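Subject: Structure handover

Hi,

Here is the structure I promised. Please open it first, then read my notes below.

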Amino acid sequence: MNIAKHRLRAVRLLVLVAVMALFAAACSDSSDTTTTVGGSATTATTSGGTEVIKLAVLSECAGAFGDFHGQDMAGVGAAFAEYAGATITNPDDPTEGFTGASIAGVPVELVGIGCGDDTADTAIKETRRLMEQLDGDIMIGPLSGDESIAVANYAKDHPSQTFINGSAGAMDTTLEVQAPNFFRYNSDGAQWNAGTGDVAFNDLGWKTAAVIMDDYSFAWTSGAGFIAEFCAAGGEVISRVFPPLNTTDYSSFAGQLPDPDEVDGYFWVVGGSGTLPALKAFEDAKGPVTPTQHMGNLFWEFAAGSMDPSMEGAYIGGFGTAGDLKLDSVEAHTAIIDKHYDTIPPFGEAGPQAHSGFLVNYYLAAKALIEGLEAVGGNISDDQAALQSALGSLVLAGPYGSTTLDDNRQAIQDQYVRQFVTLDDGTLGLSTVAVIPTVDQTFGGTFAQGSMPSRTVPGCDTRDLAWVGNSISVVDGVPQG
Amino acid sequence: MAALRFVWRARVTAARAAPELGSRRVFTAERVVQVAAIVGLVVAPAFTSDFFVSFVLTQALLLGVVAASLIFLAAYGGMVSLAQTLMFGVTGFVIGNAVTTGGSKGLNLGLDPWIGVILGVGITTVLAFVLGAVASRSTGLYFLMITLTFGVIGFYFFGQVTTFSGFGGVNQVRSPPFIGTPGQFPERLYYVAAVISVVVYLVLRYITRTPFGLALQGIRDDHVRMSSLGYNLWIHRTLAFTLAGFVASIAGVLFIWWNRQIDPASIGIGAILGLLIIAVIGGINRLDGAWVGAIVFVVANNYVRDVPGLNQIGLGEARFNTIIGFIFLFIVLLSPDGLIGIGQRITRSLTPARMHTSRDPGYDSGSGSSEMM
Amino acid sequence: MKKSSQRSTVQWTALVAGWSVAASLAAWVLVFANGTPAEPLLSEPADFVVVVLNSLTIAGLYFIVASGFTLIFGLMRVVNLAHGSFFLLGGYLALEFQKTMVGKTRNILGSDVGVIDWVLPLLLAAMITGVLGLIMQQLFLRKFQGQDMRETLITIAISVILADLMVAWFGGIGVDIQWPGLIDNAVVVFGIRYSVTRLFMLGFAIVVGIALWGWLQKTRTGMIIRAGVDDTSMVQALGINVQWVFGLAFLVGSALAGMGGVMGGSFAGLAAGVDGQWLLNSIIVVIVGGLGSLTGALAGSLLLGTVTAFAPAYLPAGFTNYSIIFTFVLLGAVLAWRPYGLFGEPE
């Protein structure tokens, strides 16, 4: 009994010591950053120029996209290793970061990696830690839609820091918030779906369609891309169904969809753990339909590993990537990733992951930053005004084509429609079937500040979209244009 | 029997008995700590970075206020309410909907920030009364589960009902000019939170000594007797819940001024359990435990990833919840009265032995206070 | 005197209010529900039948998960808030077993999965989660028996740790367990198409319910358990090892959570956060039905199932996302009437 008593006491003491140690850590941290001026990080600058540029990355290490932490960081790391002379700390674990980067003679230090969980709440807390505690000058990130809206709003309040979106695709982030120091070199969810409406109306002959989408901003954005284009081409969306995010039982929502004899096709924007249960609830209620009566957005790409191979032939919206295109730039990109990384946990070998959307988008963000910093000679001592203006006018060459920004600092770039194909081992894979050239965010004025995608926006109007009818078909990875 | 099943009922009785037993001694010790805490609060900004003040300390103070509302109910009413996070969040969402001027989700009513505060606190207090009226007819674990359900339904409500928020939350919520924009006056909000914390602490402490507070504790200890004495148990519990909701809503005001943004994840199951963890870490039977727990939680949240060696054993920043879960588990297993209890025991072990036993019988038996059950 | 007359007034008001709400809801579904996804019963009776079936089948799943939760509480007075974690863990484990048995890690088809490739993972997963529950009880809870709030906090701590570790082990992306091909289809009766897996879920729940009831009511172990609940010291005095009985309760309760996880993982998928969702479902079921009562769990499941299926079907089409409010209405209505649930008793 006595021994137990003492042991207990010892454990309690240990807990106390641990807590005190933490406080000591916190205090020592705070004492060497006392020179910070709240919000604007001017510590890194002197009157003459910039001594060191502090870079922060907001990635995800928890939540639904936590598995892509490695890919996010590999995208950033590979860009800095390739174009800024950085040394990768551990080629088998991108999340350990890199050292020794410098641009135009100015060292770039990776001061912190933020750990998001796809909620806005955590994204803001992590952003504050990165930009206020660790004094980041520039942040790359975040990954997902709601986070990016919150971060863009944060950016608006901190004009002398620069934010480059990681991989998020909510439309509000750029078109609605319009923070002058928030840049996005990837497309939003609507742009990614460019081409699907065209394919549905002109190739598959759908005259009417039903859209089922999760009830939150990224899904609305994604669905809006299809609706805007399908209606622009002349089709009619006769039903929109909105299951709440992560619904347990989709049967009532599947039941809301029109029957297969009442509509030509269905467009699916159901993600999370709901992609397959929603499809199954649909089949239970309406019976099996052919793959070309269905179409999905990039959520289907995430679920491809669990999908029934009989989905072969179904078209799905893009994610800004087309790793199967037979282009030199595509191979070059694979080589860059392969050169700097051996494995990217938890998915294994690095090379095959080179064209994951998350990796490519974080890579583009980092590459844009490097080019922007090169343009200003690494000088950010003017509250980053020159850097921000350089970033806005970049023409950024990427693995599949080049990207420019519009007035809201949103990417204008090519999009890719894909199709499910059966691979040699019997599993489902994706193949790029069309390139949609230079898609802009507003879809010819369908979207604007104040009319963001929602349950009712966009309406269904015919209009001329520059790219409809101008898509370049792809045969065996070779664009025919 | 049933009434005594709560571990901290007995504990609180012991803790309350403490000042009487060792009166002068403990009184001074407590005074010293209190004065030191106040002085610390006042001078902290002079010795720490802006980030530490505006992020860590302010956050800890406002979380401490919510945790205090939880502890008030748990320690003095025997009601462990997991709906306090909801109360805090409802205020945030109401203010968010009321004061934003467009470009955000929600109603964007564009009202004056102070009107937003009145609306937020008012609506939350009314809601607390309604929810309290429903939940207060139950006690114990039942009450805990009902309030947990309220909290989680609240999360889904704000997530799914896109009229008011949606999962993306409400952004760009303006504060009154006095608080300003982020980085403008980093210390003002801190001092506001500090003053509110002190006031909340004093007021809640005062209430526990009023006839209402005493009746509440009577109901906690022996509801049968109180009922036969003519006390309306339900009204007392409901009013206590309403009061706690009001306190939590004040913290909600601080939160929305501090964060300028609120989304369902701010009040989701993680946040609900986080608040409970704060209360338990600090010591769920003492009001001051709220702030102790909050500061430990926020500091751990922010700095535990910097502790060398953790990453090597697979407990890096991504596994923060595992670490905090283990801390929580240890506290619950070893010290049901939290860090404050540990602190007290350490102080006590430095004082003459005769003082222990009478005050806290059987504490170190290794099985908590099972003989009190 | 004054008090009791007040109370009866309150009760009368509640009664009248309750019945009028119920009557108007029935009238709404019967005649007026135009513009809702399902349309009124009189014009679309087939939709109504499907919605009723949906509510029964989802109630079956709710019951399987909640029965373990209520069993543990009924016997041990422990609210096991790690129940959702055991649910999710059971699902993930079964998925791993199924992948191994089928020999595929991607694109598992219904036709790949024989009945045994689903049943064996189910049993294994249930066994493992059951044993984990037992270990948790022996290691952490046994010592604090009787301190129910402390035990509850311990289960919360374990749920926090498990939830985080599962994200680390199994990732955050949603995954699904494949139903056996045999039942992964639909039947058409009187022109109404309905899913066989959903009917299977209901049947499975009925089997589980009967087995539990038989076990508790008809076997010697069951009698000891019930006696142990009523008077622990008397049972102990009779020379029966009560600890063994309590351990058994945790084993079975947690196994039911794991089993529910396999069903739920096949029906609705598994992902981080699903644990909390199903914990919430279980809690609502037992709050409504009454903690510790198997009959209560049945009633609670049916009521929650009704709300889950009817609210989105019979709300006006643009407002289906408000259906969460009806869960709250259900809760509030039951608690206002019976603060300890339909079949519960005050502690």
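A definition before the findings: helix axes are lines fitted to C-alpha atoms over the stretch in contact, and the angle between N-to-C directions runs from 0 to 180 degrees. Keep in mind that this is a predicted model.

Start with a contact between chains. Helix 6 (residues 140-160) of chain B packs against helix 10 (residues 274-289) of chain C. The angle is about 130°, and the axes are 10 Å apart. Angles over 145 would count as roughly antiparallel and 65 to 115 as roughly perpendicular, so helix 6 of chain B is oblique to helix 10 of chain C. Their crossing is left-handed.

Who makes the contact? From helix 6 of chain B: M145(B), I146(B), L148(B), T149(B) and V152(B). From helix 10 of chain C: L280(C), I283(C), I284(C) and I287(C). That contact counts 8 nonpolar residues, 1 polar and no charged.

Next, the largest nonpolar core. It holds 383 residues. I212(A), A67(B), I71(B) and A279(B) touch the most other members. Helix 3 (residues 50-77) of chain B supplies the largest share, 21 residues.

Take a look at A67(B). Leaving aside residues up to four places away in sequence, A67(B) touches L275(B), I278(B), A279(B), G282(B), A290(B), G293(B) and A294(B).

Last, chain A. It has 14 helices and 19 strands. Of its 481 residues, 62% count as buried. Among chain A contacts between residues at least 6 apart in sequence, 70% join residues at least 24 apart.

Best wishes

Technical notes:
Residues numbered from 1 in each chain as written. Chains lettered and ligands numbered in written order. Predicted model: local features only at pLDDT ≥ 70, side-chain atom pairs only at ≥ 80, totals over all residues. Core = buried A, V, L, I, M, F, W, Y, C linked by C-beta atoms within 7 Å. Buried ≥ 20, exposed ≤ 12 C-beta atoms within 10 Å, placed from the backbone. Helix = DSSP H or I, 4+ residues; strand = E, 2+ residues; numbered from the N terminus. Contact = placed C-beta atoms within 7 Å. Parallel < 35°, antiparallel > 145°, perpendicular 65-115°, else oblique. Left-handed = near helix turned anticlockwise from the far one by under 90°. Nonpolar A, V, L, I, M, F, W, Y, C, P; charged D, E, K, R; others polar.
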